[in-house]
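Open the model in your viewer and keep the sequence panel beside it. We will go from the whole chain to single residues, one selection at a time.

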Amino acid sequence: QVQLVESGGGLVQTGGSLRLSCAASGRTFSRDWMAWFRQAPGEERKFVAAANWMHIRSYADSVKGRLTISRDNAMNTVYLQMNSLKPEDTAVYYCAVGLRLSTVVADYGYWGQGTQVTVSA
């Protein structure tokens, strides 16, 4: 059974930093893309960043230069280092796994339960 478990969310002030982690289990993910999405209240879930097993990365324009995705293939874990956080980064952050790079929610077959990130002004 595939399972994705996120951790590392919390409350932080504007300009602060957080590091999210997502541990995947249940099978080998060595050829998959691992991604982060986020969903703010009343909004649709949106792509944040993704990385593949060769550490090729893709980011949403809104987070470039502030958020960094990385992954540890041996540990089946993906991270999201979040710096210079803004109130508009407040959302539930979800980890996802898919077969190809995509910004579309439906292209990812496995999802975590989400972790809340709140950035106070």
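Show the surface of the protein chain: its accessible area comes to about 6200 Å², and 50% of that belongs to carbon and sulfur atoms. Accessible areas come from the Shrake-Rupley method with a 1.4 Å probe, and for residues only the protein chains shown count as cover. This is a predicted model, in which local features need pLDDT of at least 70 and side-chain atom pairs count only at pLDDT 80 or more, while totals for chains, interfaces and linings use all residues. Residues are numbered from 1 along each chain as its sequence is written, and side-chain values use heavy atoms, with hydrogens and water left out.

**Whole chain**

Switch to cartoon. The protein chain has 11 strands and 0 helices. Helices (H or I, at least four residues) and strands (E, at least two) are DSSP runs, numbered from the N terminus. Now show the C-alpha trace, which spans about 40 × 25 × 25 Å along its principal axes.

Color by burial next. Buried residues make up 43% of the 121 residues. Buried means under 20% relative accessible area, exposed over 50%, and partly exposed in between (1.4 Å probe, protein chains only). Of the contacts (heavy atoms within 4.5 Å) with a separation of 6 or more, 56% join residues 24 or more positions apart.

**Largest pocket**

Select R38, A40, E43, K46 and E88. Of the 14 lining residues of the largest pocket, these lie nearest its centre. On a 1 Å grid over the protein atoms alone, a pocket is an open set of points where a 1.4 Å probe fits, with protein on both sides within 12 Å along at least five of seven lines; lining residues have an atom within 4 Å of a point. What gives the most to the lining? Strand β5 does, with 3 residues. Strands β4 (33-39) and β5 (46-51) each supply at least two.

Go to S21 in strand β3 (residues 18-25). S21 is buried, because its relative accessible area is 18%. Show its contacts: beyond four places in sequence, S21 touches V5, E6, S7, W36, V78 and Y79.

Move to G10 in strand β2 (residues 10-13). G10 is partly exposed, at 24% relative accessible area. Draw a distance to T118. Outside four places in sequence, G10 contacts L18, Q116, V117 and T118.

**Loops**

Pick N76, in the loop between β7 and β8 (77-82). Is N76 buried or exposed? N76 counts as buried, since its relative accessibility is 15%. Check its backbone: phi of N76 is near 50 degrees, a positive value in a residue other than glycine. Most residues other than glycine have a negative phi.

S84 has a positive phi of about 50 degrees and is not a glycine either. Find S84 in the loop between β8 and β9 (91-98). S84 is partly exposed, at 41%.

Finish at G65, in the loop between β6 (57-59) and β7 (67-72). G65 is exposed, because its relative accessible area is 83%.
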